[in-house]
Amino acid sequence: MNCISREETCTDGTWLHGLTAVDWEGLFRGKHRECSDSSGTFRERSDFTVSQSGDDPAQAHSRFPGSARLGPAAAPRPVCRCVCVCVCGMAVSGSSVEFPGSLTSSSLPPPRTRIFKIIVIGDSGVGKTCLTYRFCAGKFPEKTEATIGVDFRERLVDIDGESIKIQLWDTAGQERFRKSMVQHYYRNVHAVVFVYDVTNAASFRSLPAWIEECKQHALGTEVPRILVGNKCDLQDSVQVGTDVAQQFADAHSMPLFETSAKNPNSPGGGSCGNSDHVEAIFMTVAHKLKSQKPLVLSQPPGGSGGTINLSRVMNDRGEGNTGWGCSSC
Amino acid sequence: MKRLKKKKQNAGFGVNENGASTREQDYGRKQKLAEIHQALISDPVDIETLRRTAASKGGLLTDELRRKVWPKLLNINVYDLPHKPGRNVREDHKDYNQVVLDVRRSMKRFPKGMPALERTVLQDQLIDIILQVLKRNPQLHYYQGYHDVAVTLLLVAGERMAIAMLDTLSKFHLRDFMDPTMDSTKHILNYLMPILEQVDPELHDFMIRSEVGTIFALSWLITWYGHVLSEFKHTLRLYDFFLASHPLMPIYLAATIVLHREKEVKQTECDMAMVHHLLSRIPQDLPYDLLIAQSLQLFSQYPPSLLAKRAALQSRKSLSISTFHAFQLSTLHQRPDSVLQRLTKAQGSTTSRHASQRSGLEAALPGGRGQLWGKGNRMVKMAVWGLSATLGAAVFAVAQTAMDWGPDMLLQLF
Ligand SMILES: Nc1nc2c(ncn2[C@@H]2O[C@H](COP(=O)(O)OP(=O)(O)O)[C@@H](O)[C@H]2O)c(=O)[nH]1
Ligand SMILES: [Mg+2]
């Protein structure tokens, strides 16, 4: 369970050496160069909202079939902060009847699909629902509603020829929900996305509390974490400057992204080429996760649904603390 | 043509789901209306009958009736309603920002055709009534989803009656959700699995193995399904039921819904995300009358006390549950509206007379959705003529629109 800290940074070859967090930021704001090699080709997208409602913005109760947007994603190769990480608890699922438009129901049924679970947290109103929706459905939702409890959205992406399900857990921002309600969903999370609103200084000041919450759920620095400043399209009302945010990100060894769920291609949204910036952010995380070697694969307990057990299961259930550790580092 | 009209009308009530004979239904409906009417004029009000009809097929049928019956179910005197919130209601309340944020983005709860201006007026009222109730009860804490309850009350009953109802609900049925933490809410959710265990151990085991938890039902419970249903008539149907029921009834309904979807659940991959996803999406065309009947049955078969014993749930005290009996008793001695009105007048208080006048108006304003305007038109016009000068243009605009999108005041039924 001991992981190498930032100072001991090593790479696994997929992530770039030597880029500082500033470089990351530069990547996205176009100050620096290369938007990296993006191997992410989107074959298909599927989105659904879990809570009926909730958040599924524009059309509460309908699903959004994949809008089959093809094209390379701008997935930068980010800094490796801690490579000796095992991503554990990645579910391997062979069936996917639930998700219309997903790859498994099309003509290319992969034998198994890895799932990357990413939890999205931050104050109420910063745009978590909009960001996750933007990534999974490819557009900014007309209407979002307060998220009650948790929702999750998924999208199937193709990374280096492997089809991977990215599962975004969108959580309620109101504090009272978190103590007793959201804990459950921290289990088996592979990465964390912290979101603040660049036009709301209070949401930025809350970040230490969110980081603390993560720690309490045994998600330490070894779990890939990124910081996202949202609503960059509202350039006139920015309250949190990039410098301050960057300092904070550096101090916590996280890459910083400033973007807009509403208009990710606007200048303020920090576009990278023509690509969708929000997309690039989540794809970056996905690349990072894929680059980690999944030494242990777990399957959902019980597995009556046609899951395939690939290797030994190292998922003591009922225990929030499974799986982040790396026995080999 | 005639037939078409009839069908439309029925659809508005949420009955006639499988095309049963309309005549038969009309008969049942008329009988039910008569029964409710009789219960309302009995002295004391026949609360048992009101409860039963609210839960039985079709619920309370019209918004007009809801405005009469809902206050009785909550022991509220409609001739003695709280005043409209003053301007200072928004001043320094700790939940102000959160309330505004949630109300502003709750557009979906308002009728589809409603013009933005009118919606904004109602949203402002919604913020005010929520803050008003919170200010009156400093022990209560706002939760996201509370606004979904408040909006339902507001759309049916208008501002002042909504305040009175929300106040009572918050102190009783919703009380557990309004603690500083959600621990009590979690406790209430813990009743769900034991019900499933009693009825379908196999399904129960499946869900335990999937580790799905009970958060999929969280928004159902704390918003009385208002947050997850897209058809307002279904929300109303359920509110009729819950207002007339034990505070744990939303959990029994949740269990019924899960049981109703048992096959689907068991066919799903036994994985937290998959099961959570499946269950938290409520199918929009559920047979509500059937499910309500089943929930009532489950409730009598496995009452909360029995579940608490079997599942070792007694450890925690639920205020909603422990105060329910007393609350129910308090509803038994209500006078009918005609008497209340006389009594209030006799008191000679100008404020309450003003109140009654206004509550009458407000009751007339926001009405049912989707129904063509029809015969109620004159009624709303009269209400608008009756507007006191103190009511601003905004309210007038609401009334104006009410005529467009149409309250279903089925006056012809009386
Ligand atoms: N201008 C702008 N508004 C946004 C953006 N992202 C979200 N919003 C708005 O911020 C509000 C809250 O968004 P939501 O996703 O529900 O926040 P959450 O509580 O974090 O899930 C909504 O009114 C959104 O329309 C953005 O990038 N730009
Ligand atoms: Mg949200």
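**Ground rules**
I'm working with a predicted model, where local features need pLDDT of at least 70, side-chain atom pairs count only at pLDDT 80 or more, and totals for chains, interfaces and linings use all residues. Residues are numbered from 1 along each chain as its sequence is written, chains are lettered from A and ligands numbered from 1 in the order in which they are written, and side-chain values use heavy atoms, with hydrogens and water left out.

**Entry 1**
Thr129(A) is in helix H2 (residues 128-137) of chain A, while Thr147(A) is in the loop between H2 and strand E4 (150-159), so the pair ties together parts 18 residues apart in sequence. Helices (H or I, at least four residues) and strands (E, at least two) are DSSP runs, numbered from the N terminus.

Are these two buried or exposed? Thr129(A) is buried at 8% relative accessibility, and Thr147(A) is buried at 6%. Buried means under 20% relative accessible area, exposed over 50%, and partly exposed in between (1.4 Å probe, protein chains only).

**Entry 2: rings in chain A**
I looked up aromatic pairs next: rings of Phe, Tyr and Trp (its six-membered ring) with centres within 6.5 Å, called stacked under 30 degrees between planes, edge-to-face over 60 and tilted for the rest. Tyr196(A) is buried at 0%, and Phe204(A) is buried at 12%.

I also noted the charged end of Arg155(A) over the ring of Phe135(A), 4.5 Å from its centre. The rule is NZ of Lys or CZ of Arg within 6 Å of the ring centre and within 35 degrees of the ring normal.

**Entry 3: chain B**
UniProt's unreviewed entry puts "domain: Rab-GAP TBC" at residues 60-246 of chain B; positions use the numbering here, feature names are shortened, and annotations may be inferred rather than shown by experiment. That stretch is 58% helix and 0% strand.

Trp70(B), Phe216(B), Trp220(B), Trp224(B), Tyr225(B), Tyr239(B), Phe241(B) and Phe242(B) form one aromatic cluster.
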